[in-house]
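Reader: I'm new to this one. Could you show me how to read a few of its features?

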Amino acid sequence: MTLLRRDMHEKNRLSWNEATRAHNSHKRDQAGFLRDGGSTLYPEELDLLGDLQGKRLCHLQCNSGQDTLSLARLGAIVTGVDISDEAVSFAQDLSRDAGIPGTFVRSDVYDYFTTAPEASFDIVFCSYGALCWLSDIALWGKGVARLLAPKGRLAFVDSHPFMMVLSEQTLGLKYAYGGGEAVPDPGVNDYVARAGEALTPSGWEEGVKDFVNPHPDVSFQWGMDDILMAVLTPGLRLTRVVEYPFTRWRAFDTQLEDSERRFRLPPSIPQIPQMLGVVAMKD
């Protein structure tokens with residue numbers, strides 16, 4: 001039985017449309033940055049992805065396409081998929097203005113799983129705030145397996161399930177762990193403004209001030225067992241699991257930014273896993 005909550009997906013589409021405009025308002029000349037050889041990728045995802053030359057890559061929940069086009073610069077033949085109209089429109093314009101080829105599709109990922117040709121990609125990729133928007137993680141895993149060609153691989157890096165139960169302000173327990181628990185929120189926030197230069201490699205601009213999203217959102221809590229079984233059940237084979245003691249965005253008020261623009265908890269308190277990386281193969 002499907003657990004899909006399309007009503008909540010629609011709320012999230014509206015919320016992301018608003019947030020995407022705010023996020024991009026802080027990023028200076030993104031097309032010029034990419035055109036001149038710039039990249040928005042971090043070492044973590046590049047390490048997980050491996051060789052990209054000539055690989056057909058599907059970037060699920062690609063947002064505004066900056067990472068997708070950075071992957072194209074490394075030799076991948078890219079298709080980006082996102083539910084946000086604003087994000088996909090921006091990505092299409094960015095591809096044109098940067099002179100980097102990429103195909104971008106406006107779709108709920110669950111719809112894309114049923115309409116895209118089966119076994120049409122060598123790599124399926126997602127990162128940084130993707131899994132929490134999935135209302136049925138098991139169905140997502142089946143969809144990923146359907147997209148992958150034989151010997152293809154899934155690679156993702158995202159929030160660790162453990163850190164997702166903690167309060168941003170106090171680090172105390174705030175949310176339920178796993179099981180797909182729905183978490184309503186006032187709306188996708190301006191995390192780009194919160195992170196500053198760490199999330200604006202093309203250059204920081206002040207942009208939208210004091211952003212308040214008029215559209216609430218709903219995210220979903222998935223545990224480690226939910227995530228790994230979603231990958232394993234359709235027959236994918238785990239080849240790598242990595243836990244990282246930092247984030248690439250400011251997830252907690254107490255985090256400190258290090259010299260590599262990673263956000264870590266202060267050394268005076270116990271360290272926890274904050275991001276999760278997974279690679280799985282289709283035999």
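Reader: Which residues in H7 meet H9?

Author: Keep in mind that this is a predicted model. On the H7 side you'll find Ile 137, Ala 138, Trp 140 and Gly 141, and they meet Asp 226, Ile 227, Ala 230 and Val 231 in H9. Sorted by class, that contact has 6 nonpolar, 1 polar and 1 charged residues.

Reader: At what angle do H7 and H9 pack?

Author: Helix H7 (residues 137–147) and helix H9 (residues 224–232) pack at about 30°, and their axes are 8 Å apart. Angles under 35 degrees count as roughly parallel, so H7 is roughly parallel to H9. The crossing of H7 past H9 is right-handed.

Reader: Okay, and how do I read a nonpolar core?

Author: The general idea is that in soluble globular proteins, nonpolar side chains tend to be buried together. Here, the largest nonpolar core has 42 residues, and Leu 48, Leu 49, Leu 52, Leu 57, Leu 71 and Tyr 244 touch the most other members. Helix H5 (residues 85–98) gives the most to this core, with 4 residues. Another core, of 36 residues, lies apart from it and includes Val 109, Tyr 112, Phe 156 and Phe 220.

Reader: What about backbone angles?

Author: Most residues other than glycine have a negative phi. Asn 63 isn't a glycine, yet has a positive phi of about 55°; look for Asn 63 in the loop between strand E1 (56–60) and helix H4 (66–73). Ala 119 also has a positive phi, of about 55°, and sits in the loop between helix H6 (109–115) and strand E4 (121–127).

Reader: Why does Ala 119 count as partly exposed?

Author: Because its relative accessibility is 28%, and partly exposed runs between under 20% for buried and over 50% for exposed.

How values were computed: Residues numbered from 1 in each chain as written. Predicted model: local features only at pLDDT ≥ 70, side-chain atom pairs only at ≥ 80, totals over all residues. Heavy atoms only, no water. Axes fitted to C-alpha atoms, helices over the stretch in contact; angles between N-to-C directions. Helix = DSSP H or I, 4+ residues; strand = E, 2+ residues; numbered from the N terminus. Parallel < 35°, antiparallel > 145°, perpendicular 65-115°, else oblique. Left-handed = near helix turned anticlockwise from the far one by under 90°. Contact = heavy atoms within 4.5 Å. Nonpolar A, V, L, I, M, F, W, Y, C, P; charged D, E, K, R; others polar. Core = buried A, V, L, I, M, F, W, Y, C linked by side-chain atoms within 4.5 Å. Buried < 20%, exposed > 50% of the residue type's maximum accessible area, 1.4 Å probe, protein only.
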